Amino acid sequence: MTTTSTRTPASARTEPGCSNCGWEPAPGALWPTFGRMACRWIEENCICGEGDFYGQRIILRPDQKAFVYRWYEYCPTCDYWRYDEAIRTAATGDGKTTFIGALAVLEFAGPPEVAPASPNIVISAASYEQADLLYTVAATMLGGRDQIATESPLCGFFEVYDAKASFPDDRPGQLLRVAAVAGTNEGGFPTLFLGDELHEWGDVGSNKARVWTVIGKSTKKRRIRYDIPQNDGTIRAVFRGPGRRLALSTAGFDIYRSLFGQMVIHARRAEQDPDVAPKLLFDHFEAPDGLDYENPADRRLAVEAGSRAAGVLWDVEARVNEWGTPAMPKHEWLRYYANAWVDQAAESWLSDHPGAWDACAGSWELTGEEPAVLAVDMALKHDTVAVVELRALEDGRYAATARVWEPGDGRINHRAVFAYIAERAAELGPAFCGLVYDPRFFELPARDLEDDGLLVIEMPQSPERMIPAVGLAYESIVGQQLVHDGNPEFTAQVKAAVKRPGERGFTLSKGKSRRHIDAAVAMCMGLWTLAELAGTTPSASESIW
């Protein structure tokens with residue numbers, strides 16, 4: 001097999017230069033790459049694991065080949081890899097696990113230009129089961145445990161055990177399985193750290209997320225050597241920089257707090273400004289914004305955009321027709337089939353209408369006379385405090401804006417909250433109809449504000465009061481009778497609110513919600529009070545929903 005490099009197709013776009021030595025490609029040219037060699041080796045030596053195509057040679061799709069070409073771009077001056085980290089995200093069924101297994105085997109046993117002299121490949125997933133599935137795919141390509149995968153061209157050349165593969169001679173190197181749930185720093189100093197389904201690794205700072213951080217940090221503790229045979233029989237030692245990380249996943253929940261969500265946000269910034277992360281390769285397939293998912297044509301577009309396996313590994317129409325079925329709730333459909341991030345949990349009060357809150361975002365005009373209430377959901381410490389302003393618009397809609405205070409050192413600056421309420425009430429003037437509060441944590445401040453001349457309206461957060469209030473807010477959002485300004489924290493808290501079912505409906509549960517929902521609670525309180533003042537609240541029989 002030839003060991004000469006190839007170039008990716010020419011492009012009019014000017015490519016960034018090497019962040020290690022400063023080399024820059026000529027105008028209109030791209031980086032040299034070992035991509036062709038890598039693709040050929042995978043297709044000649046790697047087989048599919050369990051499933052319909054077991055034992056068949058892998059045939060890489062064009063999108064997979066394009067990724068390989070970019071992943072193996074290198075600097076012709078200093079030999080360093082262009083990228084030392086990559087994120088590839090696509091809809092479920094994209095073939096990600098087989099693809100990541102093939103890359104693991106390539107860098108463990110492939111040609112010396114891409115396989116280090118002492119490979120230490122760590123493949124990982126959130127759970128033992130998922131990690132074992134990923135490892136089994138790679139192990140099968142290497143011949144399987146006890147060399148049972150005789151269909152593999154690599155069978156007989158490696159020692160494959162339950163969680164580790166190695167070379168039968170004295171050559172150093174291993175391919176190791178790790179589960180993030182173990183919470184340990186296994187893996188030594190990886191030359192390549194591969195993570196599957198990163199959306200399952202939890203929030204930033206969680207035990208699973210720390211495994212990605214800690215083992216990933218270990219990739220920076222060595223400079224990887226590649227021993228490349230020369231025509232004269234000598235070996236040329238090439239150093240291509242530190243170890244590398246590669247994450248593959250479908251989109252998840254809560255892009256702002258999850259580990260994978262933060263990785264994607266960082267990658268999107270780098271797309272706009274390569275200087276943010278010049279060594280990061282971001283390869284993503286996702287549905288475009290602005291689709292109407294109730295329209296089958298738009299769902300079809302989303303499915304085809306979410307994965308290049310559409311119509312190749314699975315049927316497009318089957319996914320289009322599964323929208324909103326009991327087996328595939330809408331928020332899950334968006335994640336799995338459109339590869340779209342969902343900021344509403346399965347238990348969210350808006351889960352049956354995943355786009356309803358976003359559809360309510362907009363602008364409005366005020367004359368200054370529109371009735372207004374302020375609603376506060378108070379906390380003593382650790383939790384957030386929210387003050388939501390509700391205005392009754394002339395067109396019959398309600399406008400909602402929010403101000404949220406985070407606990408700085410574990411405590412809330414209550415004086416700032418009280419000052420804001422007093423100042424905003426004064427600004428509203430005659431339009432101000434009152435401050436709505438729950439007496440549990442706000443009784444004394446309410447009395448003080450009342451003594452200062454503010455009208456205060458007590459609303460205990462009991463099920464009897466909150467069920468109809470939550471119901472009115474729900475109907476207003478779904479029916480687009482509420483408009484908001486798109487405030488990210490307000491949006492996140494509303495979408496994060498989880499149902500607490502009751503006999504006559506449901507309230508919102510702070511305990512079950514994965515993040516603070518104080519703004520959502522205050523919005524429900526304020527909306528009900530404003531409607532009640534206008535005489536437009538539903539009757540007792542209408543509020544049973």
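Contact means heavy atoms within 4.5 Å. The model is predicted: local features need pLDDT of at least 70, side-chain atom pairs count only at pLDDT 80 or more, and totals for chains, interfaces and linings use all residues. Residues are numbered from 1 along each chain as its sequence is written, and side-chain values use heavy atoms, with hydrogens and water left out.

Isoleucine 47 lies in the loop between helix H1 (35-45) and helix H2 (62-71). Helices (H or I, at least four residues) and strands (E, at least two) are DSSP runs, numbered from the N terminus. Isoleucine 47 is buried, at 0% relative accessibility. Buried means under 20% relative accessible area (1.4 Å probe, protein chains only). Leaving out residues up to four places away in sequence, isoleucine 47 touches Gly55, Gln56, Arg57, Ile58, Thr140, Met141, Glu151, Ser152 and Pro153. Its C-alpha atom is separated by 5.5 Å from that of methionine 141, 94 residues apart along the chain.

An open sheet of 8 strands has the order E5-E6-E7-E4-E8-E11-E3-E12, with mixed pairing. Two strands pair if DSSP finds at least two bridges between them. Strand E5 (159-160) and strand E12 (280-284) stand at the edges with a single partner strand each, so one side of each has no neighbour in the sheet. Helix H4 (residues 128-141) packs on the sheet and touches strand E4 (120-125), E5, E6, E7 and strand E8 (192-196). Strands E6 (residues 164-166) and E7 (residues 174-179) run antiparallel, joined by 3 bridges. Serine 166 stands opposite glutamine 174 in E7.

Methods:
Buried < 20%, exposed > 50% of the residue type's maximum accessible area, 1.4 Å probe, protein only. Axes fitted to C-alpha atoms, helices over the stretch in contact; angles between N-to-C directions.
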